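This report examines how two chains meet. The sequence and the structure are shown first.

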Number of protein chains: 2
Amino acid sequence: MSLTNRQILLASRPQGEPSADNFRLVETPLPAPDALAEGQVLVRHHWLSLDPYMRGRMSEGKSYAAPQPLDEVMIGGTAGEVLASRNPAFRAGDKVVGYGGWQQYQLLDAGQAAALQKVDTSRVPLSAYLGPVGMPGVTAWYGLNGIIEPRAGKTVVVSAASGAVGSVVGQLAKVRGCRAVGIAGGAEKCRYVTEELGFDACIDYREHRDAASLARALKDACPDGIDGHFENVGGMVLDAVMLRMNAFGRIAMCGMIAGYNGEPIPMAYPQLILTNRLRVEGFIVSEQPAAWPPALKELGTLVAEGRLKYRETVAEGLESAPAAFLGLLKGRNFGKQLVKLA
Amino acid sequence: MSLTNRQILLASRPQGEPSADNFRLVETPLPAPDALAEGQVLVRHHWLSLDPYMRGRMSEGKSYAAPQPLDEVMIGGTAGEVLASRNPAFRAGDKVVGYGGWQQYQLLDAGQAAALQKVDTSRVPLSAYLGPVGMPGVTAWYGLNGIIEPRAGKTVVVSAASGAVGSVVGQLAKVRGCRAVGIAGGAEKCRYVTEELGFDACIDYREHRDAASLARALKDACPDGIDGHFENVGGMVLDAVMLRMNAFGRIAMCGMIAGYNGEPIPMAYPQLILTNRLRVEGFIVSEQPAAWPPALKELGTLVAEGRLKYRETVAEGLESAPAAFLGLLKGRNFGKQLVKLA
């Protein structure tokens with residue numbers, strides 16, 4: 001029995017805000033599971049991860065990664081199950097994660113199969129390998145431990161605090177003995193951040209119309225100032241945090257979603273970097289291979305023990321991916337945005 | 001014979017740009033050199049150093065150092081000669097540097113004398129201990145070696161390149177085997193930076209009216225991009241440099257003279273910190289005590305051997321200090337701004 005694969009391609013590059021028109025759904029034939037070539041692995045995707053970095057890849061501008069080519073399957077992290085294998089490293093039924101992209105199946109040749117990672121789903125759910133025990137979790141872990149380097153008793157702030165990365169940053173900071181303060185959009189997300197994730201405080205940035213107002217709220221939430229900040233948003237949020245940073249504070253620049261569509265997002269007070277002797281550092285987690293093994297070990301243990309909580313927003317079916325992605329860029333998701341493919 | 005000391009006090013805090021009215025000259029009596037108390041040292045200042053950091057101290061706003069108190073002698077680095085001493089650590093004729101402030105003499109009690117440093121003027125001129133072999137030189141040394149960490153063959157850019165700090169940054173970068181590119185104000189300064197100091201190139205920022213134009217000039221001057229930047233200015237200069245930074249580049253934030261009078265100096269493209277994985281770090285050289293001994297050793301050797309060049313602009317007499325300082329803030333000096341007091 002031959003299979004039909006459904007795939008979503010990048011049809012065009014957005015000018016400013018992306019729209020559903022930038023994507024195109026196509027169907028392509030796959031070989032039958034019993035007709036693989038030597039070395040091939042056929043994976044059925046259960047989960048597709050949607051992440052803010054994909055917005056950058058849709059544009060052609062200079063960035064840290066090559067742009068997503070037009071008319072090719074959108075890149076993306078995936079978790080699934082090996083359907084058939086003629087590769088000695090895999091067998092049918094193996095649970096795997098990889099970068100399979102926005103499609104229902106992935107057929108890997110012998111040379112590509114090394115990009116697949118087998119995972120143990122006995123204590124950690126498969127989807128968590130796309131969230132707290134995957135790229136978002138390692139991003140949080142590296143930014144916190146590799147750049148912010150928090151010590152017990154210090155105050156760590158994170159923006160997009162209820163998101164896949166931010167939620168891990170704050171919970172790890174609590175594990176390290178820090179005061180963890182989130183910034184999120186909306187009362188419901190803030191409640192979740194404090195009541196379910198255990199942050200010490202969370203500020204709804206939507207209640208503040210400028211950086212000065214948000215900075216006043218941060219002063220209340222961070223009575224001893226801010227020692228470390230994990231930035232996912234940029235713009236007004238970053239300005240407000242910088243106004244409350246302590247001397248020798250560290251800022252890990254992970255994302256600036258406020259400027260993903262090309263809006264100017266100037267930093268209002270760069271002189272604070274000097275007067276407060278701050279270190280502001282950008283990073284890309286894929287360039288930090290040494291961080292992954294210790295990060296995944298700690299994150300996997302914390303999730304298995306129920307000490308690292310996470311929330312998922314699940315869109316059903318591949319065809320829902322574009323709308324879910326556009327919603328992610330507007331903060332409409334709550335926690336990790338996934339697409340359920342099987 | 002008793003002495004009269006002439007001193008310049010901070011009379012008022014500037015609103016915006018400082019003016020001569022913010023200073024006041026006073027005369028105060030000093031004990032005769034043969035009438036010192038036990039432990040006292042009387043120093044006659046030969047040189048007063050004028051430095052941009054003094055502008056920050058004139059204001060009351062939050063900064064890394066306490067503001068200069070009103071109606072007290074303006075702080076400042078000084079170099080001079082011991083006139084009389086009843087302290088076993090010093091004797092008349094010793095050449096010393098310290099933070100004696102804007103005055104002709106300094107009388108130090110036993111507990112204050114540790115702030116004086118004896119210096120050897122056999123191979124290094126006394127005034128150089130306020131420049132390349134003093135605080136400005138160590139500032140350059142630490143920003144370059146402690147933050148930028150340049151490797152041979154990499155490109156280092158420095159703004160205010162003909163100044164007391166910038167001139168050392170570029171020459172040290174050359175010693176390290178780097179390509180050194182300066183940014184300075186005016187053709188004469190740029191000629192000096194390349195022809196006398198040996199930088200590979202120097203750009204006159206006054207020929208560029210926006211960051212895009214300056215960035216194009218930087219592209220020509222830095223064909224392999226910019227790996228390290230030492231920032232003394234901020235504003236448009238910093239924006240232009242950031243547009244040409246290579247991945248994993250480092251920016252040492254030493255000064256932002258463009259905003260010293262309270263002008264907004266937003267950083268236009270903070271997202272480049274992320275996309276280029278930059279590290280941007282502010283520092284204050286007085287907080288880096290470990291850097292001073294190795295820095296002064298190397299800088300003293302380079303000056304003594306004629307391998308580290310410097311230029312001084314000398315104002316004559318204490319009463320000329322306010323005008324010279326105001327000129328420094330406008331870039332009217334050329335090299336290290338000093339006031340000759342004796």
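## Strand pairing across the chains

Two strands are said to pair if DSSP finds at least two bridges between them. In this predicted model, β13(A) and strand β13 of chain B, residues 279-282, are joined by three bridges. The two strands run antiparallel. One of the residues involved is Glu281(A), whose bridge partner in β13(B) is Arg279(B).

## Composition of the interface

Contacts between the chains involve 26 residues of chain A and 26 residues of chain B. On the side of chain A that touches chain B, the elements giving two or more residues are β12 (245-253), α7 (271-275) and β13 (279-282) of chain A. By residue class, this side of chain A comprises 15 nonpolar, eight polar and three charged residues.

Of the interface residues of chain A, 100% are also interface residues in chain B, so the copies meet through the same surface.

## Symmetry of the two copies

Two copies of a chain are related by a rotation about an axis and a shift along it. Here, chain A is superposed on chain B by a rotation of 180° with 0.0 Å of shift along its axis, and the RMSD is 0.0 Å. The two copies are therefore related as by a two-fold rotation axis.

## Confidence of the model

Chain A has a mean pLDDT of 95, and 99% of its residues reach 70 or more. For the model, the scores are ipTM 0.90 and pTM 0.92. Where pLDDT is low, the predicted coordinates should not be read in detail.

Terms used
Residues numbered from 1 in each chain as written. Chains lettered and ligands numbered in written order. Predicted model: local features only at pLDDT ≥ 70, side-chain atom pairs only at ≥ 80, totals over all residues. Contact = placed C-beta atoms within 7 Å. Helix = DSSP H or I, 4+ residues; strand = E, 2+ residues; numbered from the N terminus. Nonpolar A, V, L, I, M, F, W, Y, C, P; charged D, E, K, R; others polar. Least-squares fit on C-alpha atoms with pLDDT ≥ 70 in both. pLDDT = per-residue confidence, 0-100.
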